[in-house]
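Colleague: Could you walk me through this one, feature by feature? I would like the general idea each time, and then the case at hand.

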Amino acid sequence: ALFAGSHLLKGYRGGHVVIRFALGGCTNRPFFRIVAAHSRRARDGKYLEQLGCLDPLPNAHGERVAGLNLERLRHWLGCGAQLSRPAEKLLGLAGFLPLHPMTVTGAERRRRRAQEPAAPPPDGSPGPGDAP
Amino acid sequence: PPAEGEAAKPSFADEAVQNLLYKMTGLNLQKVFRPVKKELKPPTYKLMTEAQLEEATRKAIEEAKEKLIMPPVLKEREPIDDVLAEDKFLEGTETTKYVFTDLTYSIPHRERFIVVREPNGVLRKATWEERDRMIQIFFPKEGRRVIPPVVFKDEHLVNVFQQDRHEDILNMCIAQFEPDSPDYIRVHHRTYDDIEKHAKYDLLRSTRHFGGMVWYLVNRKKTDGLLIDMIHRDLLDDTTSLITLYHMLHPECQSAKAAEEGKLQGVDLIKVFVKTESQKEGYIQLALQAYEEAMATSTAS
């Protein structure tokens, strides 16, 4: 019936389809659903289609399980959907898209920080700080 | 080591082989349709004429034939070892591996893409065990569990065999594993070895596992116990089918050549076979004698 539709047929101005993660699960137990939705919708709200899932916590065999419906993903990408950054990174890791540059940059930064030899000696004084 | 072509070495799926194995399996309706544990319902009684009873028996035989279709016997599968990408600079970014499964509904499970990104950055195809687990998680099948039950380990199989539940464990194995997985083959071989050791052939008769067992025994030339069992139960046709199958699979043995030349049938075939190929000659001769005496007394009386 039409009168019930006034809340469901929310009309947005602008906005586009994105493929992003919707968070679900319980306290201290996250679970992501990879979802195609309007960009203006709530993160966990009504979506167009679920394209997969990701369990960020490792299971008994020490692996993080992710499922991706590649056929429907290709369909939505063909319809002009955009991807959120974590979704791009995940697809880069999966091999569906090329590796995201931030993944590479993050790895380099981490390595540089780990390779810094002994941390600079802790100074009591604030060093070249701003003296009032 | 002969390089036998396909025509020379018959495989499990050949029509002739399947016919022989099916004849040997027998069709004991009472055992095939024995009550399976279901929810408790009071029995239904139907009043039928002779013609209707025949019709019902005929339908039952057709359904029994379907239940007796033999599960395939395949070679053990090769482990998957394929690296898709090596990105060594990702080392140390993650601590655990990622397993990605392609959830497209319309592709068969054998062709599904399941890849693993290791913490050292290598993107490889998943091993067969990982594949089976992931497919069971996302496309669950009836009777199959994500982690195979502990009962399939060797030390627990012993208990199962002591309780004479070979058929149940084989049914569970078919539900749980793929036919070409090493676990499936291992469980089946253990079951067949145990049956052969204790001569419990009747447990599998009239089930769909009988053909596989016969195939295994004939390939390893351990058919003596089965022969004795068949002669004791007066199943001469089955003995001849067994020996025919043996000759089909091992055409270079003496008794095969003798049978070819002499075109022997029935008891003669068995006698030639026993003389040349069997280890337990004495037992089989005794059994044959007992059978012939029984035949003589029954025809005389």
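Modeller: Gladly. Let's begin with a charge over a ring, which calls for NZ of Lys or CZ of Arg within 6 Å of the ring centre and within 35 degrees of the ring normal. Here the charged end of R64(A) sits over the ring of Y98(B), 4.4 Å from its centre. Bear in mind that this is a predicted model, where local features need pLDDT of at least 70 and side-chain atom pairs count only at pLDDT 80 or more, while totals for chains, interfaces and linings use all residues. Residues are numbered from 1 along each chain as its sequence is written, chains are lettered from A and ligands numbered from 1 in the order in which they are written, and side-chain values use heavy atoms, with hydrogens and water left out.

Colleague: With which residue does R64(A) form a salt bridge?

Modeller: Side chains of opposite charge can pair when their charged atoms come close. The criterion for a salt bridge is a side-chain nitrogen of Lys or Arg within 4 Å of a carboxyl oxygen of Asp or Glu. R64(A) meets E94(B) in this way, at 3.1 Å from N to O. The whole structure has 30 salt bridges over all chains. The R64(A) pair crosses between chains, from strand β4 (residues 63-68) of chain A to the loop between β1 (83-86) and β2 of chain B; helices (H or I, at least four residues) and strands (E, at least two) are DSSP runs, numbered from the N terminus.

Colleague: How do I read the size of the interface?

Modeller: It is often given as the accessible area lost when the parts come together. Buried area is that loss (1.4 Å probe), summed over both parts. Chain B and chain A bury about 2300 Å² between them, with 58% of it on carbon and sulfur atoms. F89(B), Y98(B) and F100(B) supply 24% of the area that chain B buries against chain A, more than any other three residues. Counting contacts (heavy atoms within 4.5 Å), 27 residues of chain B touch 27 residues of chain A.

Colleague: How many salt bridges are there between chain B and chain A?

Modeller: Three. On the chain B side, β2 (97-102), β3 (114-117) and α4 (128-138) each supply at least two residues that touch chain A, and β2(B) gives the most, with six residues.

Colleague: Which residues are linked with K97(B) in a network of salt bridges?

Modeller: The network joins K97(B) with E63(A), E118(B), R124(B), E130(B) and R133(B). Within chain B, E130(B) and K97(B) meet at 3.4 Å, N to O. E130(B) lies in helix α4 and K97(B) in strand β2, so their pair ties together parts that are 33 residues apart in sequence. Both E130(B) and K97(B) are buried.

Colleague: And what about backbone angles?

Modeller: Most residues other than glycine have a negative phi, and most peptide bonds are trans. D164(B) has a positive phi, near 65°, and lies in the loop between α5 (154-162) and α6 (166-176) of chain B. A199(B) is another non-glycine residue with a positive phi, about 55°, found in the loop between α7 and α8 of chain B.

How values were computed
Buried area = accessible area lost by both parts, 1.4 Å probe. Buried < 20%, exposed > 50% of the residue type's maximum accessible area, 1.4 Å probe, protein only.
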